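This report describes the fold of one protein chain and then turns to selected contacts between its side chains. Please keep the sequence and the structure in view while reading.

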Amino acid sequence: MQAKEQAGDMAEKRIEEKIAQFPICEYAFIRPEEIPFSEKVRYICRTECPRYGTSWACPPAVGTLEECRERCLAFEKGFIFTTVSEGADLENMDAMLAMRGGHEKITRRIVEIFRENYEEVQAFSTESCAICETCSYPDAPCRHPDYMLPSVEGQGILVTELAERNGMTFLNGSNVVTWFSLILYAGEKAAL
């Protein structure tokens, strides 16, 4: 068991070396069992988010809270990280969401680093997917299932609590948006 843990540590060290090139604010390697889920998050999605029921990346398309929990717990490990956008008008949701593009690009590049090292990788990111101008949900399958990043909160994950448990800052000041992504992974590939 110790040799496998050391190998995992080596893969994580390789990942840390590669992600150093990105403007990541904070990050932590986690265990999926640490992830807090809550129906309260889903309630907020259902009652306050205009994307609820309109996207493959959000509830109800992502499944029930229990299905999301089971999906996440099927992975061996996790990685949570943040980037920040400064100068955000926190009162203007559309303008604020327009600033997340950089975070999404970084998330996709980091996902590729994890895919180089692990057989199974699932990433969750900010808000709702915005690849397509109009999502095909529920009339047709997702047009970009390998590129879509489902919402972290849409899984029912309490991001603030997960951040606090790992010593990460959730609020970085006024007019600053902290973007979170969560990558779950399993099945380490043999080192080349």
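## Terms and basis

A residue is called buried under 20% relative accessible area, exposed over 50%, and partly exposed in between, using a 1.4 Å probe and protein chains only. By this rule, lysine 77 and glutamate 12 are both buried.

The model is predicted, so local features need pLDDT of at least 70, side-chain atom pairs count only at pLDDT 80 or more, and totals for chains, interfaces and linings use all residues. Residues are numbered from 1 along each chain as its sequence is written, and side-chain values use heavy atoms, with hydrogens and water left out.

## Overall composition

The protein chain contains 6 helices and 4 strands; these are DSSP runs numbered from the N terminus, helices being H or I with at least four residues and strands E with at least two. Of its 192 residues, 43% count as buried.

## Confidence

The predictor's confidence in each residue is given as pLDDT, from 0 to 100. Its mean over the protein chain is 87, and 86% of the residues reach 70 or more. Helix 3 (residues 65-73) has the highest confidence, at 97, whereas helix 4 (residues 93-98) has the lowest, at a mean of 59. Where pLDDT is low, the predicted coordinates should not be read in detail.

The strands form an open sheet of 4 strands in the order 1-2-4-3, with antiparallel pairing; two strands pair if DSSP finds at least two bridges between them. Strand 1 (26-30) and strand 3 (118-124) stand at the edges with a single partner strand each, so one side of each has no neighbour in the sheet.

Strand 1 and strand 2 (residues 77-86) run antiparallel and are joined by 5 bridges. In one of the pairings between strands, glutamate 26 has threonine 82 of strand 2 as its bridge partner.

## Salt bridges

The structure holds 7 salt bridges, each defined as a side-chain nitrogen of Lys or Arg within 4 Å of a carboxyl oxygen of Asp or Glu. One of them joins lysine 77 and glutamate 12 at 3.3 Å, N to O. This pair links distant parts of the chain, with lysine 77 in strand 2 and glutamate 12 in helix 1 (residues 2-19), 65 residues apart.

Another salt bridge, at 3.2 Å, N to O, brings together glutamate 66 and arginine 69. Because these residues lie 3 residues apart in helix 3, about one helical turn separates glutamate 66 from arginine 69. Glutamate 66 is partly exposed, with a relative accessible area of 39%, and arginine 69 is partly exposed at 25%.
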